[in-house]
Amino acid sequence: MESFHRVTGIAAPLMRINVDTDQIIPTLFLGGTDARGYGKHLFHHWRYREDGAPNPDFLLNQPPYDGAEVLLADRNFGCGSSRERAPKALREFGIRAVIAPSFGGIFFNNCYRNGIVPVELPIEDVREIAREVEASAGEGRVTVDLEAQMVTSPSGRRYVFTAPGTLRAMLLQGVDEIELTLGRRAEIEAFRIRDRARRPWAY
Amino acid sequence: MRTFFDKVWDDHVIAKLGDDADLLQIDRLVLHELSGSQVVTALAKAGRKPMNREQVYTVIEHLISTRPGRGPTDSPSKSGPIMIEATRKASREWGFHFIDYDDPRQGIAHVVAPEQGIAFPGATLVCCDSHTSTVGGVGALAWGIGASEAEHVLATQTLAQSKPKTLRVTFDGRLRDGVYAKDMILALIGRIGAQGGIGYATEFAGAAVRSLPIEGRLTLCNMAIEFQSKYGFVPPDDATFEYLAHREFSPKGAAWDQAVAYWRSLATDPGAVFDHEVAIDCDGLAPQVTWGTSPQHVTSIDGIVPRPSDDGEEKALGYMRLEPGTPLAGLAIDVAYIGSCTNARLSDLRAAAAVLKGRKVKAGVQAVCVPGSTPVKHAAEAEGLDLIFKEAGFEWHESACGFCGSIGDNRFADLRVVSTTNRNFEGRQGPKTRTHLASPATVAASAIAGCIADARPLIPNS
């Protein structure tokens with residue numbers, strides 16, 4: 001699994017509320033059995049016009065935001081469908097961190113397994129960072145440091161955040177989660193034997 | 001004193017992983033071809049094998065066509081055939097319980113799981129689909145996961161999860177005629193918002209929930225994710241046991257008695273404390289209909305499009321092409337859609353048929369019914385409901401996820417749809433499609449009127 005420690009990059013203030021995963025990548029583009037090939041359809045209906053040409057009004061089509069590595073968003077980012085192609089599409093586009101007041105729970109977990117860190121900060125802080133970014137016409141860099149659990153705004157203002165310990169450790173080390181769990185095989189087997197005696201119908 | 005949720009969670013903890021996560025035993029993994037095909041492909045690529053095929057169920061339902069007479073790989077999606085075939089092949093090779101497109105048990109996974117007894121009280125059940133909480137209606141602890149999490153479950157039959165806080169939503173009082181579980185859940189989301197359940201597991205309780213038939217409880221739990229509660233459930237009671245008895249995968253004989261005794265012990269203890277409580281009075285509840293692009297954009301059938309209170313609502317009105325002050329009832333529609341894991345079970349089709357009987361769909365309105373499962377379709381046909389639908393002017397399809405999401409068939413593009421589904425997101429049912437969510441009765445009444453309409457005057461004996 002891809003690891004993440006720290007990113008310093010352009011931050012795109014996409015300050016919308018309830019951005020659902022159908023917007024991040026529409027169902028139409030979920031085809032295929034591969035784990036890649038979704039970045040070009042990121043925000044498809046917002047990013048492209050009906051004739052397929054890029055929509056110049058959409059933030060991520062405008063330089064410097066077309067090279068964004070950080071996304072700033074309003075509440076409930078990534079709500080809706082469980083599709084893991086949503087973080088995959090963001091990652092392929094180049095996004096390494098999303099900063100928002102809250103996230104859809106399934107999307108939040110999916111981010112960690114795709115090299116993206118979802119950072120929860122109060123809405124006032126996200127807005128303040130967005131204001132700084134906009135004042136610099138997007139050139140001011142934002143740093144997200146998972147190790148220190150700290151966001152640094154273009155002016156150097158620091159915001160502490162808390163990431164769930166287990167997921168954070170996993171992303172910092174880029175561990176293979178399945179391998180890690182299989183290392184507990186004896187413990188799992190012992191549980192299953194006990195549980196099967198109590199709930200045979202579950203097996 | 002513990003809640004149902006605490007009991008079920010604690011009984012599945014294999015190991016504590018630090019302060020914030022537990023490694024949980026997963027009793028049932030359900031896969032469908034849209035994400036399941038990616039899961040099985042990734043597992044094979046990594047050179048791994050499923051841990052326990054007996055606990056894995058696959059259903060063909062997301063991408064398969066609903067066309068009567070459909071073939072084994074018919075799909076409106078270009079990639080549909082590849083994904084269906086990959087799922088079919090892996091299911092056979094690895095020996096999962098496999099429900100193919102032409103299996104008489106086939107249907108939408110969340111309809112099939114309770115129908116066949118795959119879901120049961122106190123089970124941990126996961127599926128790559130955010131509406132997996134539907135089966136919380138039979139007292140399972142069920143939630144939607146991503147493809148990587150599903151790969152982990154397939155390889156280990158376990159999953160690491162943070163334990164959420166608990167929310168109890170108590171629906172007091174008694175539903176009036178013409179008001180359904182769909183109206184209850186929409187009213188709740190209108191009250192607490194589309195983010196109201198972030199970080200919570202939700203128990204639905206109260207007299208109005210207890211008196212709901214199991215199918216209504218499934219509708220209620222289906223939309224837990226629409227207020228961002230990954231988990232929604234109704235702890236099991238006699239109605240649950242009666243519903244599950246004799247289902248294909250339900251325990252039988254002495255095992256059944258043993259199971260019921262354990263399931264009874266899972267009820268929330270009197271006096272158990274929840275992290276948060278919400279109460280909704282159902283006595284005065286009217287049918288609900290959405291006006292915007294989030295399920296929280298909802299009002300009563302006699303309500304009006306509100307003045308936007310933030311950017312999100314302003315954008316929603318622009319997308320929906322609606323002006324503040326417009327009454328919802330009377331708004332002309334192009335499509336009436338009955339289908340999905342939310343509202344396409346037998347009781348839903350009966351409620352719609354009661355409205356449609358002896359009436360005709362307004363000229364110019366496309367009216368489509370996709371039953372939630374093949375058993376639902378067959379049961380409806382045995383009662384003659386299909387004839388009522390067809391005589392009214394509805395199309396009658398094979399079961400699948402159908403037109404709830406747009407997978408390549410853009411037949412609802414740029415149209416206004418009143419729909420029994422769960423999401424009114426921008427583009428959810430097609431490019432520029434404007435979706436209004438409502439109950440099956442409301443959709444049926446709207447199909448006849450050609451505009452959003454209150455079903456209550458058309459319901460016999462109401």
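This is a predicted model: local features need pLDDT of at least 70, side-chain atom pairs count only at pLDDT 80 or more; totals for chains, interfaces and linings use all residues.
Five strands of chain B make an open sheet, and if you trace across it the order is β17-β16-β15-β18-β19, with parallel pairing. Which strands stand at the edges? Those are β17 (395–396) and β19 (434–437) of chain B; each has a single partner strand, so one side of each has no neighbour in the sheet. Further in, β15 (residues 335–338) and β16 (residues 366–369) of chain B are parallel and share four bridges. If you want a pair to click on, take I338(B), which stands opposite C369(B) in β16(B).

Now let's zoom out to chain B as a whole. We have 15 helices and 19 strands in this chain. The C-alpha atoms fill a box of roughly 55 × 55 × 45 Å along the principal axes. What about the radius of gyration? For 462 residues, a compact globule would come out near 23 Å, and chain B has 21 Å, which agrees. Of those 462 residues, 62% count as buried. And on contacts: if you take the ones in chain B between residues at least 6 apart in sequence, 74% of them join residues at least 24 apart.

Next, the domains. The assignment for chain B gives three entries: domain 1 is 15–161 + 239–261, domain 2 is 165–236 + 268–281, and domain 3 is 288–458. The centres of domain 1 and domain 3 of chain B, over C-alpha atoms, are separated by 28 Å. Where those two meet, 22 residues of domain 1 of chain B are in contact with 18 residues of domain 3 of chain B. On the domain 1 side of that contact, the residues are eight nonpolar, eight polar and six charged.

Let me stop at one residue of chain B here, T166(B), which is found in strand β9 (residues 165–172). Is it buried or exposed? With 22 C-beta neighbours inside 10 Å, T166(B) counts as buried. Leaving out residues up to four places away in sequence, T166(B) touches T3(B), F5(B), Y200(B), A201(B), E203(B), F274(B) and D275(B). For a sense of distance, P460(B) is 294 residues away from T166(B) along the chain, and their C-alpha atoms are separated by 40 Å.

On to the other chain. How many residues of chain B are in contact with chain A? There are 61, and they contact 46 residues of chain A. On the chain B side, the elements giving two or more residues are β1 (13–17), β2 (21–25), α2 (33–45), α3 (80–94), α5 (147–156), β8 (158–161) and α10 (254–264). The largest share comes from α5(B), with seven residues. By type, the chain B side divides into 25 nonpolar, 23 polar and 13 charged.

Last stop, chain A itself. Strand β1 (residues 6–14) of chain A pairs with two strands that I'll point out. With β5 (residues 141–145) of chain A, β1 runs antiparallel, with five bridges; there, I10(A) has R141(A) as its bridge partner. With β2 (residues 70–73) of chain A, β1(A) is parallel, with four bridges, and A11(A) is partnered by V70(A).

Two backbone details in chain A before I sit down. N18(A) is in the loop between β1 and α1 (21–24) of chain A, and its phi is near 55°, again positive in a residue other than glycine. N18(A) has 27 C-beta neighbours inside 10 Å, so this residue counts as buried. The other detail is a cis peptide bond, from P63(A) to P64(A), with omega near 5°. P64(A) lies in the loop between α2 (44–47) and β2 of chain A.

That's my tour, thanks.

Notes: Residues are numbered from 1 along each chain as its sequence is written. Chains are lettered from A and ligands numbered from 1 in the order in which they are written. Two strands pair if DSSP finds at least two bridges between them. The radius of gyration is taken over C-alpha atoms; the globule rule is 2.2 Å times the number of residues to the power 0.38. A residue is buried if 20 or more other C-beta atoms lie within 10 Å of its own, exposed if 12 or fewer, and partly exposed in between; C-beta atoms are placed from the backbone. Two residues are in contact if their C-beta atoms, placed from the backbone, lie within 7 Å. Domain bounds come from an automatic or database domain assignment. Ala, Val, Leu, Ile, Met, Phe, Trp, Tyr, Cys and Pro count as nonpolar, Asp, Glu, Lys and Arg as charged, and the others, Gly among them, as polar.
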